[in-house]
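Thanks for passing this one along. Here are my notes, in the form of a few numbered points to read beside the model.

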Amino acid sequence: MQENLNCSFCNRNSQEVTSLIAGKGVYICDVCVQNSVDILRKNAPTGQLRTDISTLPRPSEIKRQLDEHVIGQTEAKEVLSVSVYNHYKRIQAKNLVSAFDEVEIEKSNILLLGPTGTGKTLLAQTLARILDVPFAIADATTLTEAGYVGDDVESIIVNLLQNADYNVERAERGIIYVDEIDKITRKSDSASITRDVSGEGVQQGLLKILEGTVAGIPPKGGRKHPEQPLVYVNTRNVLFICGGAFEGLEKVIAKRKRPTTIGFTAPTAATVEESMELLGDVEPEDLMKFGFIPEFIGRLPVVTALHPLTDEAMLDILTNPKNAIVKQYQKLLLLEGIELQFEHEALIALVHKAQKRRTGARALRGVMEEVMNPIMFMLPDVPGVRKCIVTREVVERDASPLLELSEQPAARASS
């Protein structure tokens, strides 16, 4: 008769568990093994903090990795690469002894200007991935002044802490991207007399967090209450990247750049065109006229602009990055043994349709979904398909794609 054994940890009988592992005089069941694995994973370090400047990727390396994910925007990528490199070098400089020990390097938060869909959020996300630091996105339109319905400005720290697996030390070296920052401008150039809870009030609330403060936040989010334990996070070394489309700012810049000279030889007002390209010439006074308070502008010393995407850039975004949309669909169909091919004219037609939506690279996904959904609905029902070719007619006139069947010539798919 087989001996009835028990787990040395939980005392479960061998009949109650799937397996029992024997050691020297001890036994452990599969349940305890799984519980041990869960505990180890929970308590495992969430990533090593870079403590040596030599381990930081150089600005050129940061830009090279950005190039793999974001098409174009060379100037913005160079500015971001240098700024992020200097930011983390500043953090690590505390451990070094030099003749400049009394010199304190200030934090340089970043302001990104540019039309929607030009890659502002993707740039911030990619930077965090390159540097292996926690990352959080906050939407400025949901923020309100403390005490009003909406998200308190300190709630953006909650997301960062959660994404750092509640490791405060890692969270304090993370990156926060504040989107739609242009939507919290005050309603006029003059100082606000009445409450402006979602404009100037939010700017005032963000000042300390941007500069560096110890924020006491509820670890699970929500509103604070007296009996709730708080987690304290110092934002001194958190890098803030703020981004927005800033529609209308180009008019403010154009107005400043237009000559005021009167005379027959004076240039006309029309010589300064109101285009988004002017965002590269932005000055602090333009941002003040747009509706930002001077103190807020001072907390974002690094300002760079992203340019509207050309047709060539959109085509590159569609096909070249590691996670390009075309490559994603090719992989999806390859899982069914079908090779997906886009004719060049079809790709050009996709770009033209996307440009009409005026939402930048975001429109590419929507246009591609419209074209590919009917194809992907139909293909599993067609036996023996080896290759699917998308032509310009498929994109422009909803025609059927060309299909190559196994050992057969190409044929049109039936609608």
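1. Which elements do the buried residues of α7 pack against? They pack against α5, β8 and α10 (294-298). Please keep in mind throughout that this is a predicted model.

2. Let us stay with helix α7 for a moment. The buried residues in α7 are Glu200, Gly201, Val202, Gln203, Leu206, Leu207, Ile209 and Leu210.

3. With 12 residues at 1.5 Å a residue, the helix should span 16 Å, and its end C-alpha atoms are 17 Å apart, so the two values agree. After α7 comes Gly212, which has a positive phi near 135°.

4. Now for the sheet. Five strands form an open sheet in the order β4-β5-β8-β3-β9, and the pairing is parallel. At its edges are β4 (135-139) and β9 (302-305), each of which pairs on one side only. On average, neighbouring strands are turned by 20° against each other, direction ignored. In general, strands of a sheet pair through backbone hydrogen bonds, either parallel or antiparallel.

5. Helix α5 (residues 155-163) packs on this sheet and touches β4, β5 (175-179) and β8 (239-244). The direction of α5 makes about 155° with that of β4. Recall that α5 and β8 are also among the elements that the buried residues of α7 pack against.

6. How many bridges join β3 to β9? There are four, and strand β3 (residues 110-113) runs parallel to β9. In one of the pairs, Leu113 has Ala305 in β9 as its bridge partner.

7. Is Thr304 buried or exposed? Its relative accessibility is 4%, and because buried means under 20%, Thr304 counts as buried. Leaving aside residues up to four places away in sequence, Thr304 touches Glu75, Ala76, Val79, Leu111, Leu112 and Leu113.

8. Finally, a word on empty space. Rolling a probe the size of a water molecule over the atoms shows where such space is left. The count here comes to two cavities of 30 Å³ or more. The second largest cavity holds about 30 Å³ of space, and its lining is made up of Leu111, Leu287, Phe292, Phe296, Ile297 and Leu300. Leu111 is also one of the residues that Thr304 touches.

Technical notes: Residues numbered from 1 in each chain as written. Predicted model: local features only at pLDDT ≥ 70, side-chain atom pairs only at ≥ 80, totals over all residues. Heavy atoms only, no water. Pairing = 2+ DSSP bridges. Helix = DSSP H or I, 4+ residues; strand = E, 2+ residues; numbered from the N terminus. Axes fitted to C-alpha atoms, helices over the stretch in contact; angles between N-to-C directions. Contact = heavy atoms within 4.5 Å. Expected span 1.5 Å × (residues − 1). Buried < 20%, exposed > 50% of the residue type's maximum accessible area, 1.4 Å probe, protein only. 1 Å grid on protein atoms, 1.4 Å probe; cavity = no way out; pocket = protein on both sides within 12 Å on 5 of 7 lines; lining within 4 Å. Points joined across faces, edges and corners; volume = space filled by probe spheres on them.
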